[in-house]
Each structure stands twice: as C-alpha cells, then as structure tokens.
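Below are some comments for a colleague who is about to look at this model. Please read them beside the coordinates.

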Amino acid sequence: MKDLTMGTLEQILAGPAPTFEELKPLLRPEGVINGVMKADSDKCNSCGLCMKNCPFRCWEMGEDKIPKMKSNYICFSCFNCLIACPVDAVSVVQTFSVKDAFFDTDFPGIKLPLDPKDAQGKPSEWTEVERVILNRRSVRNFKKDPVPEPLIRRILEAGRFAPSGGNHQPWKFVVVTDPEFLCQLEVACHAVWEGLHGMFTSDEQVLNLVKTIPAGVFDPRVQYGLSCIARKELLVFFDAPAVVFIGGNKKMANPEIHAGIAGQNMNLAAVSLGLGFCWSNFGAGVNFIPEIMAKLGYGDPWTVQTTVCIGYPKFKQQGVVPRHFRPITWFRPGSEKPDIET
Ligand SMILES: Cc1cc2nc3c(=O)[nH]c(=O)nc-3n(C[C@H](O)[C@H](O)[C@H](O)COP(=O)(O)O)c2cc1C
Ligand code: SF4
Ligand code: SF4
C-alpha cells in the first residue's frame, strides 16, 4: 500500500470512490502517543481543579484521593490541568504526538518562554501586552455572573479595530447573552455534532464525508474533541454567560483568517479586563441550522467562521505553560547560509 501523504490523498480524492483501506491512515490513525500528566501525591490536596480544567476529561480521582489519568483517554498536551493546580503538584510525563500515520508531523520538544532581553541583549521584563499573551489560557469554567455590557463593548471594539487585508473588515459580530437562547444554541449545536460524530465513527459513512471535509478535521485531537462533545463531557459553549459569533463575508478575501485576527484581538482585550475567554469552533455548528442562522441575522454571503465564549473564570485558569519550539531559520545580514536555531 502506498504511503498516504497530502499529495497521494489529493490524487485518491480526485479519482473514483476511495476505499476505506486506502484512507485508513487518515480515518483511523494508529501510532497516537497520548500525553501523560501526573499528580504528585506529596503535594496534592485533592481539590480536583486539574480534573475540572481538563477539556478532554482525561483525569479521574484515584481511591487514594489523588487524581490519575483514565485508562481510555486522549491528552493533547494543552497543560491546562497544570496551571489550575494551586499547589504546583501536576507535572508533564510525556507529550502528545502521532507517529507512522498520515498525521505524522514532527513534534519538537517543549519549552517555556525564553527569558526576555532588551535591545542590547541584557535581561529585561515582559511588557504588559506580552504578559497578557503569555499568561492567556483558554478558560472553560465560568461563573454564572453576567459579563457587564460595557466590557463586552470594549472587547468588540478590540475586534473592530483589528487589521484586515485591503481594510476589508469582513466580519460581523453577533452577541448572545440571553440564557434561554444560549441553552437553545447549546442543544442545537450538540445535536449537529452528535450526528456528525456518528458519521465519523461509522466505517461506511465516513467515506461520504472525506471528500467534503478538510483532512485536518480527521486529526485525532479534533476527533477526540468531537467525541467529548458527543458525550457531553465538553460543552459547545462551556455554559458561558456571553457568546460572540464571528461571521465572515464569503465575498471578501480570506474571511477565516480575518475572523481569527479579530477574535484574537478580542481574546487579549478580554484577558486584560480580567475576563475568561475560550474559542469554540464547535459553535460554528450553527451553519448547519438555517433557522438559527436566520435568527442570528446571518444570510448569504455570511457564514459563522467561529465563536468565542466569555465570562468570569470560576477559578484560576491562566498561567504560562511550555509549548513546542519548532526550529527557527534565520538569514542574518551577510550570512552565507541559514542559521537554524533549535
Ligand atoms: C480557532 C480556535 C478554535 C477553537 N475551538 C475550540 C473548541 O471548539 N472547543 C474547545 O474546547 N477549545 C477550542 N479552542 C481552544 C484550543 O483548544 C486551545 O487554544 C489550545 O488547546 C491551546 O490552549 P490554550 O488556549 O489554553 O493555550 C479553539 C482555539 C482556536 C484558536
Ligand atoms: S494536558 Fe490538557 S488534555 Fe492533558 S490532561 Fe492536562 S488538561 Fe487534560
Ligand atoms: S489541582 Fe493539584 S491539588 Fe488539586 S487535585 Fe489536582 S493535583 Fe491535586
């Protein structure tokens, strides 16, 4: 069997109906190496916050009242459990990676942020903006308290003033703070993803999806998120008191990237205002529900690119975590060859 690469996948999809076997490395990847986290029994006070802050519900409480990883889980190494722990008891044993499959990309080592230096290379301090960027983490556990509207307005202004190619500003924001409508949205989006999850997990039906769904959606991390949504272990909108839908205009260039840039401006503004924030691409499930799209006021040429959820954090969910450090290639003045920094 030929190796499945992006090139061979494109060839297969351009040809007659592909078989399950041909696409197996994409559809049912093997060689997934889960992240492994550990709670230190000498430090742990059994508060359970690491478990609550795990989006994929990887942890369970052990008989000794020390959390341990479940036997059937996927940890994608976000390290949110690590930063929620008030006594620094959680540590990284192994990071997520995938070997010998379509998704085999390199997973370089993880590093904390490099120490800040000034223009002369001397030790320096992070700026306020850098501090917000580095400490920002996805917040998925919110208090019930509503977000004051003046603060939501400031967050939307941060989005409105984002840069855009040709100054197109191809976004349209819809804010939902009505708890009843938020409930309706959660139920409706859950139903969409539960249905799609059934198709993804069926060896016959998944072949009908493969031509229309981008390859990245089959990544085990996305698929496990989808199964957590289907099982209601992960909520689409995290029970947040405020959700912003970011619409993109399909007639303008790159609505997706522009939604991302506007959304990230909003994310940083929200954090700077002491609010928690999490993106939810699963919220874009509303695109499959014409009545809801009509109620939100999105008609052709608008689609919902993504959604963001905002509220006051229930407990500390911010903090610095390590990240992959992919080698950076430099071409400095006068250099004869690239300098690859690892
Ligand atoms: C475009 C985008 C969509 C995302 N969608 C979801 C989502 O649907 N559900 C979710 O729990 N997290 C979602 N996230 C959050 C990511 O899982 C998170 O950013 C990543 O794990 C890194 O963790 P951190 O944000 O805490 O640094 C999304 C993030 C981005 C940027
Ligand atoms: S690193 Fe992320 S996915 Fe893994 S156990 Fe911790 S919170 Fe869960
Ligand atoms: S958050 Fe820390 S202290 Fe609390 S249960 Fe988890 S490991 Fe133990």
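1. Leaving aside neighbours within four places in sequence, C81 is in contact with M37, C50, N53, C54, W59 and V90, where contact requires C-beta atoms, placed from the backbone, within 7 Å. Please keep in mind that this is a predicted model, in which local features need pLDDT of at least 70 and side-chain atom pairs count only at pLDDT 80 or more, whereas totals for chains, interfaces and linings use all residues. Residues are numbered from 1 along each chain as its sequence is written, while chains are lettered from A and ligands numbered from 1 in the order in which they are written.

2. Ligand 2 has 13 residues around it, of which C54, C58, C75, C78 and C81 come nearest, a residue being near if its C-beta atom, placed from the backbone, lies within 6 Å of the molecule. This shell consists of nine nonpolar, four polar and no charged residues, with Ala, Val, Leu, Ile, Met, Phe, Trp, Tyr, Cys and Pro counted as nonpolar, Asp, Glu, Lys and Arg as charged, and the others, Gly among them, as polar.

3. Around ligand 1 there are also 13 residues, and C78, R137, S138, W279 and N281 come nearest. By class, six residues of the ligand 1 shell are nonpolar, five polar and two charged. Because domain 1 (6-111) and domain 2 (134-311) both give residues to the shell around ligand 1, this ligand lies between them; the domain bounds come from an automatic or database domain assignment.

4. Strand β10 (residues 276-280) supplies the largest share of the ligand 1 shell, three residues, strands being DSSP runs (E, at least two residues) numbered from the N terminus.

Conventions
Two residues are in contact if their C-beta atoms, placed from the backbone, lie within 7 Å. Helices (H or I, at least four residues) and strands (E, at least two) are DSSP runs, numbered from the N terminus.
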